[in-house]
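Dear colleague,

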Amino acid sequence: MTETAQRRTAVKVAVRPTQAPSPAGDRRRRRLTDQLRAYGFLLGGLVCFALFSWYPAIRAVVIAFQKYTPGSDPEWVGTANFTRVFADPEFAAAWRNTLTFTLLALLIGFAIPFVLALVLNELRHAKAFFRVVVYLPVMIPPVVSALLWKWFYDPGTGLANEALRLLHLPTSNWSNGADTALVSLVIVATWANMGGTVLIYLAALQSIPGELYEAAELDGANLLQRIRHVTVPQTRFVILMLMLLQIIATMQVFTEPFVITGGGPENATVTVLYLIYKYAFLYNDFGGACALSVLLLALLGAFSAVYLRLTRTSGEDV
């Protein structure tokens, strides 16, 4: 073989194409890349939760067993903080008011959104307009909403008493009366937060097959019977979930007592969260505040465990 032929053979061998990668290998690389990208996005959320949720919660549990004052070294005191808050006369009042507020919120604020959702579901015209009207209070900042209701409840020139005077009805002290203050705050909280609940109920109602209502009508069921035997059974899981979420939310009520009543009159509206605020920022007792926070965390953790258990059971049934 001549030198020229040998050179051509070497060139052909050098430029021979390599074996193409297999489709399975490409899929594995793409899957790995997608997983790394997903974990990268997840890492940012985990860091935010760790810094702003998990670390403060763990830190609060630690401080609950310490005598802690900003600017000084913490001192371990065991359960002394819990003993002190248990002996505080406001402790029993705060828990009583919080539980009463939660019960009233369930009686008043749990039925109204469901009834409004039923009404909106039956409308044939202007549905979008009324949905916006119902949801509008949610878009108002909570402090602004509370200030508006504080003026509304003013016993002198407030709109509530002016309306009662026009109707020749007796006026009320509303948020300034020890007997009516807590109910007044429940009305505020219900008005401010029911918009989202109404929309969730409305979505659940619209997912009910129309054939069930048609069959009930053929059987002679009236409106109340259709609601009892069709609507409620078909939405019972949503009702239960929203009830648990409402309990968790109302147990943490703070804005309305803080802005409207300041915990008064006569401690009639002091809630657990408002008492935590007083311990931390008025009494400068961060140990007592964290002890109260741990007690509230334990109670809300129990409700949250029930909520997670029910949602997981529903997912398995589906």
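**Helix packing and model confidence**

Helix 4 and helix 9 pass each other in a right-handed crossing. This contact involves Asn97, Thr100, Phe101, Leu104, Ala105, Ile108 and Gly109 from helix 4, and Leu182, Val183, Leu185, Val186, Ala189 and Thr190 from helix 9. By residue class, the contact of helix 4 with helix 9 comprises 9 nonpolar, 4 polar and no charged residues. The axes of helix 4 (residues 89-109) and helix 9 (residues 181-206) come within 9 Å, at a crossing angle of roughly 50°.

Confidence is lowest in helix 1 (residues 3-14), with a mean of 52, and highest in helix 13 (residues 255-261), at 93. Where pLDDT is low, the predicted coordinates should not be read in detail.

A second pair consists of helix 10 (residues 210-218) and helix 11 (residues 223-234), whose axes come within 10 Å and cross at roughly 160°. That angle makes helix 10 roughly antiparallel to helix 11. The crossing of helix 10 with helix 11 is right-handed. Here Leu212, Tyr213, Ala216 and Glu217 of helix 10 meet Arg226, Val230, Thr231 and Gln234 of helix 11. The residues of this contact divide into 4 nonpolar, 2 polar and 2 charged.

Finally, the buried residues in helix 14 (residues 272-282) include Val272, Tyr274, Leu275, Ile276, Lys278, Tyr279 and Ala280. Just after helix 14, Asn284 adopts a positive phi of about 55°.

With kind regards

Key
Residues numbered from 1 in each chain as written. Predicted model: local features only at pLDDT ≥ 70, side-chain atom pairs only at ≥ 80, totals over all residues. Heavy atoms only, no water. Axes fitted to C-alpha atoms, helices over the stretch in contact; angles between N-to-C directions. Helix = DSSP H or I, 4+ residues; strand = E, 2+ residues; numbered from the N terminus. Parallel < 35°, antiparallel > 145°, perpendicular 65-115°, else oblique. Left-handed = near helix turned anticlockwise from the far one by under 90°. Contact = heavy atoms within 4.5 Å. Nonpolar A, V, L, I, M, F, W, Y, C, P; charged D, E, K, R; others polar. Buried < 20%, exposed > 50% of the residue type's maximum accessible area, 1.4 Å probe, protein only. pLDDT = per-residue confidence, 0-100.
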